[in-house]
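Subject: Structure handover

Hello,

Please find the structure below. My notes on it follow.

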Amino acid sequence: MAVRAWARVGRLVAVLTIHREIIEAIVAHARRDHPDEACGVVAGPVGSDAPLRHIPMENAERSTTFYRFDSTEQLRVWREMDDRDEEPVVIYHSHTATEPYPSRTDVSYAGEPNAHYLLVSTRDEHTAEIRSFRIVDGQVSEEPVQLVDESMDPMRSIEKSGDPHAVQSFMFGQSPATVDYECQH
């Protein structure tokens, strides 16, 4: 699988630094839900800007052009993050037929000013395009995406046990479990 992360040159005030394994898990989720849009969050410790815990969620709309978190699932996930002293560091969804850029609807629904909004385009079955944005008060600012490999982050390997290539993914209503995603490069 080829992943192309791109950012426009210009006034970029932030960067999303995220583990390659989490991006691969997000892309795998987007491919699984295609042709419907996929959505989810990546949680991290409050104030850390460190996306560590991937939480794929259900698209309540089951739509090829729109996503919405199921309100019951969202309430439970946000309460769980709160109990764990976490916040949504990344909020992601996929676009199935267009470039990964926030639509007017995406912008109007962006309610987490500290979050990175990651979009994945699955319009090409061989390449996943990813882009990250900050959306604050209706203003969209693109930011670069820096992919970090597991071997380059000693803190990440301390958090996990078992297979060094596994990604921690947590489905709503389940206990934390290590999930392997096989992604071909």
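S132 is buried, at 0% relative accessibility; buried means under 20% relative accessible area, exposed means over 50%, and partly exposed is in between (1.4 Å probe, protein chains only). This residue sits in strand 7. Its side chain makes a polar contact with the side chain of E143 at 2.6 Å. A polar contact here is a pair of N or O atoms within 3.5 Å; within protein, one must be able to donate a hydrogen and the other to accept it, and residues adjacent in sequence count only if both atoms are side-chain atoms. Apart from neighbours within four places in sequence, S132 is in contact (heavy atoms within 4.5 Å) with L16, H116, Y117, L118, S141, E142, E143 and V145.

The model is predicted: local features need pLDDT of at least 70 and side-chain atom pairs count only at pLDDT 80 or more, while totals for chains, interfaces and linings use all residues. Residues are numbered from 1 along each chain as its sequence is written, and side-chain values use heavy atoms, with hydrogens and water left out.

Overall figures

The protein chain has four helices and eleven strands, taken as DSSP runs (helices H or I, at least four residues; strands E, at least two) and numbered from the N terminus. Of its 185 residues, 44% are buried. Among contacts between residues at least 6 apart in sequence, 64% join residues at least 24 apart. The accessible surface is about 9,800 Å², and 48% of that belongs to carbon and sulfur atoms; the areas come from the Shrake-Rupley method with a 1.4 Å probe, and for residues only the protein chains shown count as cover.

Salt bridges

There are eleven salt bridges, each defined as a side-chain nitrogen of Lys or Arg within 4 Å of a carboxyl oxygen of Asp or Glu. In one of them, D49 pairs with R134, with the closest N and O atoms 3.6 Å apart. D49 lies in the loop between strand 3 (39-45) and strand 4 (53-57), and R134 in strand 7 (residues 127-136), so this pair ties together parts 85 residues apart in sequence. D49 is partly exposed at 36%, whereas R134 is buried at 17%.

E80 and R53 form another salt bridge, 2.7 Å from N to O. Because E80 is in helix 2 (residues 71-83) and R53 in strand 4, the pair ties together parts 27 residues apart in sequence. R53 is buried at 4% relative accessibility, and E80 is partly exposed at 32%. Salt bridges with shared partners join R53, E80, R84 and E86 into one network.

Aromatic pairs

The structure holds four aromatic pairs. Rings of Phe, Tyr and Trp (its six-membered ring) pair if their centres lie within 6.5 Å; planes under 30 degrees apart count as stacked, over 60 as edge-to-face and the rest as tilted. F69 and W78 form a tilted pair, 6.0 Å centre to centre with 50° between the planes. F69 is buried at 9%. Y101 and F133 are edge-to-face, with 5.2 Å between centres and 85° between planes. This pair links distant parts of the chain, Y101 being in the loop between strand 5 and helix 3 and F133 in strand 7, 32 residues apart. Y101 is partly exposed at 32%, while F133 is buried at 0%. Separately, Y67, F69 and W78 form one aromatic cluster.

Regards
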